[in-house]
Amino acid sequence: MIKIIENKCDYCGTCASVCPKNCINVKEDDIIIDHKSCIDCDLCVYICPIEVLESVNEA
Amino acid sequence: MKHKYDIIVVGGGPAGSMAAKYAAENGADVCLLEKTRDIGYPVRCGEAVGHAGITQFVEMKDTWIAEKINSCTLVSPDGTKLDVPFANETGYILNRRIFDYDLSRIASKAGAQIFTKAHVTGLIYRNNRISGVKVNHIGEEKNIEAKLIIGADGVDSRVGRWAGLKTTVKLRDMEACMQYSVSNIDVKRNNMTMFVGQNYAPGGYLWIFPKGEDFANIGLGISGTYSKQKSAKKYLDEFMDREYPNASIHTSMCGGCPVAYPIKKPVADNIMIIGDAAHHINPVTGGGITPAMKSGMLGGLVAAEAIKKNNVSESFLNKYVKDIDRDFTKRHKTLYKIKEAISKLSDDDINGIASKIDSIPVEKRTLQKVFMSSMIKKPSLVIDVLRVFAGI
Ligand SMILES: Cc1cc2nc3c(=O)[nH]c(=O)nc-3n(C[C@H](O)[C@H](O)[C@H](O)COP(=O)(O)OP(=O)(O)OC[C@H]3O[C@@H](n4cnc5c(N)ncnc54)[C@H](O)[C@@H]3O)c2cc1C
Ligand code: SF4
Ligand code: SF4
């Protein structure tokens, strides 16, 4: 599952552009991931310029 | 905000404002929706443009210019500095905050109605055709109808994808970028400096773009292939610690540049995509302001015609595709192939090319000569570039 590190995001939308499922919604100052459509490909984690996103095992 | 317009433009960057201007000027009832509270802010850009590029659309205004540029310096991985004076070109580092704002005012003057804090969250359909957008306007959910939607939503590029257009960027074609606007540094005036090599910015470059006395945008872009191992921010922080440990940082921002092929199909019934959203960006430099304005202009003109003729079908909107094909698609595809060839060069290759260029006297250096000597030093690059021109 993709975890968003709180208070770190700059809301730049770069992660949304590589997401194959179009499941990242970047608002003016909020980011929401639709976990139901996410396929855990981790591309968003790789591209984020400031390491806001983390891939974590679902517990 | 009305319930109905001819055209809704999503996004208030250079692409959106130009599309709104040209569509409104040519008789369409246009509404532009921008999700942030302020057009032009935050600025996610190095802000470098060419005079010839911008003046195709608007006259330059002094208030837009933070710095005039008449030369560039390329720094190779071993630190060799190559100064290349511009022959006929003039460049600028803009104040994009003012520039983008003014472009939206130009659009408004042409008749478009503009709203900020208006986040488009989806499309609405009637009889299986796109008939408008869902928008959250200052906390209020609304449906607004339109005959045609123009997606100018930049790098997020979700509008196109909602309509089934393939705007997703491949990881390797996405540049992860980080930039600081800094003061308290020594900066060479009227000159832009670019650093290349694995150390600075693998699969991209690091830039220093001055904005007045002791102030500059210092940023970099690295290919997604590399950002997987180490983030853009880490690369930039290392550079700043090394070169400018005493700098004050006034703005920090990150962003992304889709240095990809222009998307194959930027239109469908009732929708078209322009600017970054359609990957209209120079794949070698990541310069996207001028291409965004160009596709905005060409898209806006076709959009107005579509409204006049009451035909917003994909086949009619294909005229826009033909117009951009004639204008820059081929050049951007060529530049993409050059980007690919450059990305294969090792640091040693680049150092070798730099020392070759270093042997040309400064006053005889032109960008063309620099390019030619790169070829001589690295014949495989010649082959790659020939392939590019031969279209293989
Ligand atoms: C770090 C960095 C440095 C760069 N440096 C340069 C440079 O030096 N020179 C150059 O020419 N180019 C540069 N570029 C590229 C340039 O910034 C872009 O190509 C250009 O801004 C594209 O214009 P646009 O109008 O297509 O998109 P944008 O300017 O990104 O505008 C898109 C707008 O749409 C809005 N939006 C998005 N989604 C929605 C929604 N759902 N609802 C409503 N609004 C929405 C966004 O808030 C945004 O304002 C750089 C890019 C980056 C990231
Ligand atoms: S790329 Fe990173 S900083 Fe940008 S919106 Fe996504 S998570 Fe936030
Ligand atoms: S892991 Fe993949 S599918 Fe999930 S949000 Fe990130 S990019 Fe999208």
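## Helices α1 and α7 of chain B

In this predicted model, α1(B) and α7(B) make a right-handed crossing, a crossing being right-handed if the near helix is turned clockwise from the far one by less than a right angle, and left-handed if anticlockwise. The axes of α1(B) (residues 14-25) and α7(B) come within 7 Å and cross at roughly 30 degrees, where axes are lines fitted to C-alpha atoms over the stretch in contact and angles run from 0 to 180 degrees between N-to-C directions. α1(B) is therefore roughly parallel to α7(B), a term for angles under 35 degrees, while those over 145 count as roughly antiparallel, 65 to 115 as roughly perpendicular and the rest as oblique. Helices here are DSSP runs (H or I, at least four residues), numbered from the N terminus.

On the α1(B) side, the contact (heavy atoms within 4.5 Å) is made by P14(B), A15(B), M18(B), A19(B), Y22(B) and A23(B). These residues meet I289(B), A292(B), M293(B), G296(B), M297(B), G300(B), L301(B) and A304(B) of α7(B). By class, the contact of α1(B) with α7(B) has twelve nonpolar, two polar and no charged residues; Ala, Val, Leu, Ile, Met, Phe, Trp, Tyr, Cys and Pro count as nonpolar, Asp, Glu, Lys and Arg as charged, and the others, Gly among them, as polar.

## Helices α7 and α8 of chain B

α7(B) (residues 289-308) also packs with α8(B) (residues 314-343), at an angle of about 160 degrees and with axes 8 Å apart, so the two are roughly antiparallel to each other. The residues of this contact divide into nine nonpolar, three polar and five charged.

## The interface of chains A and B

Contacts join 25 residues of chain A to 31 residues of chain B. The two chains bury about 2300 Å² between them, 51% of it on carbon and sulfur atoms; buried area is the accessible area (1.4 Å probe) that two parts lose on being put together, summed over both. In chain A, N22(A), E28(A) and Y46(A) lose the most area to chain B, together 28% of what that side buries.

Ligand 2 is surrounded by residues from chains A and B, so the site is shared between chains. Of the 14 residues around ligand 2 (a heavy atom within 4 Å), C9(A), C12(A), G13(A), C15(A) and C48(A) come nearest.

The shell around ligand 3 has nine nonpolar, no polar and two charged residues, including C19(A), C23(A), D40(A) and D42(A).

## Conventions

Residues are numbered from 1 along each chain as its sequence is written, with chains lettered from A and ligands numbered from 1 in the order in which they are written. Local features need pLDDT of at least 70 and side-chain atom pairs count only at pLDDT 80 or more, whereas totals for chains, interfaces and linings use all residues, and side-chain values use heavy atoms, with hydrogens and water left out.
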